[in-house]
Amino acid sequence: MITSKNNTLNSFADLKKLQKTLRLRILEMYFTANAGHIGCSLSCVDLMIGSLLSHKQDNEVFLLSKGHAAAALYACLNESGEISDEELKTFYKNGTVLPAHPAPNKIAGIPFATGSLGHGLPIATGIAQASKILENGEYTYVLMSDGETNEGTTWEAAHYAVAKGLDNLIVMVDKNGLQGFGNTDEILGVSADKTKWEAIGFDVVECDGHNIEEIYNQIDLFKAKKNGIPKLLIANTTKGKGVSYMENRMEWHYLPMKPEQFEIAMNDVNNNYV
Amino acid sequence: MRREFSDAIEKIALADEKVVFITGDLGYNALENLQEKLGNRFINAGVAEQNMVGLAAGMAYKGFKVFCYSIAPFIVYRCWEQFRNDVCLHNLPVFLVGNGGGYGYGIMGSSHHAIEDIAGLSSLQNVKCWVPAFADDVEPFVNQIVADGRPAYLRLGAGKQTPAHEGNFGSLKMVVKSDEAKGTIVALGPVANNVVAVLQQEEFANKFNLLTAQNVPLTINNEGLSLLQNTENLLVIEEHVSIGGLAQQLSVQLMENGITFKKFISLRAEGYPDGTYGDQNFHQTQSGLDAKNIADKLRLFV
């Protein structure tokens, strides 16, 4: 697994501790910044722990395609030592390299700026294609939102990945069922649907997107299958996971916390996680 | 220029194993040599241009120098955000290649024309747009694009050979030189061939300088600025709309350097003035980019 700034993570218990540590860090970041996108970060941080912080090797790439969950990414990269504590404190401030959506060219662990949806999968597909030509044995990880599967580029890239046999591409979808202005199933239908992705040729597995052990093990299984088929982990998640009043509430895509809400949120996370 | 282009790519890709060529499902009767010789570095990404550019960015991140080829409007307009966000902001070696810039695809209609491409692409961070005017420009441009290793757009058209090469002034290439010039013409792309045809007429012989703008954003060296400073009249011609085109980009630089003219004429693509369509010559004539109108305008300088 990984060496974090605090200790070496070599067990699931260690990874599970991060579920709490990183949530508390994310909440503090958003509260200090008086900013929104909290629910989106809490929804996908466990997927990042189970991939970025545990599977990804030094030369490999992890792309956060749902760039609006930048705080979760920054918190993870702070944990791995790629973003310093001092840098993390500049989140959202003038002169920062940590804006609301990941910026280009500044942090080694952020190879591409994201924020406009539908860009991550094509780029990741290109990286995976390059790895195939270079025969370097690297895997590429990309994390998308389920709303993002509305984007046409997602499907262009998906077809490409299948056609070119990119089994070194590991796609994760944070399927929390909520998008910008409504429920995903009521807007364009469920585009992060297992049968749709299987129909175009992906190897698809659904999992509990908050169960670290399940996420980690499934990615392990994916990596073991060198079968010429790209992989998709549809992670069933809860927007705002871990904070009682945020869970499954669309408004927590946008709202910042008031002081009393921050206090409740911190208490919830402290109580809900080990 | 497609033949010159595919020959140049073949040569450079065989010499440099980091060069990758991706086509958006186009190239019939033009790119078969690349398909045959580049192995897994020739990729048909299908009719999915946005993915093609994102894909290219990912490959460039891993060290490849990636050409993305399609018809000019398809590679420019649909992929603009991918080129901006994924390529240019990261200063990656991804090179868009658009065949048939301007009205090059003629009767194919407006969907196949690219008359706003330079405005859109040259405004992006880190990018350089290359516009060969003559067929023999293509190979050196391809080589320079790869050597530069930065985001680029290559706008191909149909051009003859350079009549004479009298030197470069940064972006500007002098192809007709007059010691007693009544004016200077700066042209973007193969429409320069129309100007060459006019200047070969006896009436206009040895009366004008002709420069082609090889790339934009323009860089003009002191020698070039001096030449323009000593020019009484200037005509700028381009198969591109006025907004964001060569004349506008050149004008800013000239004004910043205090260079003015007795007469200044901008000939440019006027879109579809009466809503009718035809071949490239038809559209050039409608916009006043044809030899007859060029000659009429040059007479105003004499």
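## Exercises on the contact between chain B and chain A

Lys62(B) and Glu138(A) form a salt bridge, with 2.7 Å between the closest N and O atoms. The model is predicted, so local features need pLDDT of at least 70 and side-chain atom pairs pLDDT 80 or more, while totals for chains, interfaces and linings use all residues. Residues are numbered from 1 along each chain as its sequence is written, chains are lettered from A in the order in which they are written, and side-chain values use heavy atoms, without hydrogens and water.

**Exercise 1.** Find how many salt bridges are counted between chain B and chain A.

Solution. Start from the criterion: a side-chain nitrogen of Lys or Arg within 4 Å of a carboxyl oxygen of Asp or Glu. Between chain B and chain A, the count is one. Next, see which elements give two or more residues to the side of chain B that touches chain A: strand E2 (42-44), helix H3 (49-61) and helix H5 (80-87) of chain B. H3(B) gives the largest share, nine residues. Helices (H or I, at least four residues) and strands (E, at least two) are DSSP runs, numbered from the N terminus.

**Exercise 2.** State how much area chain B and chain A bury between them.

Solution. Buried area is the accessible area (1.4 Å probe) that two parts lose on being put together, summed over both. For these chains the value is about 2100 Å², 62% of it on carbon and sulfur atoms. Then look at chain B's part: Asn51(B), Lys62(B) and His90(B) supply 29% of the area it buries against chain A, more than any other three residues.
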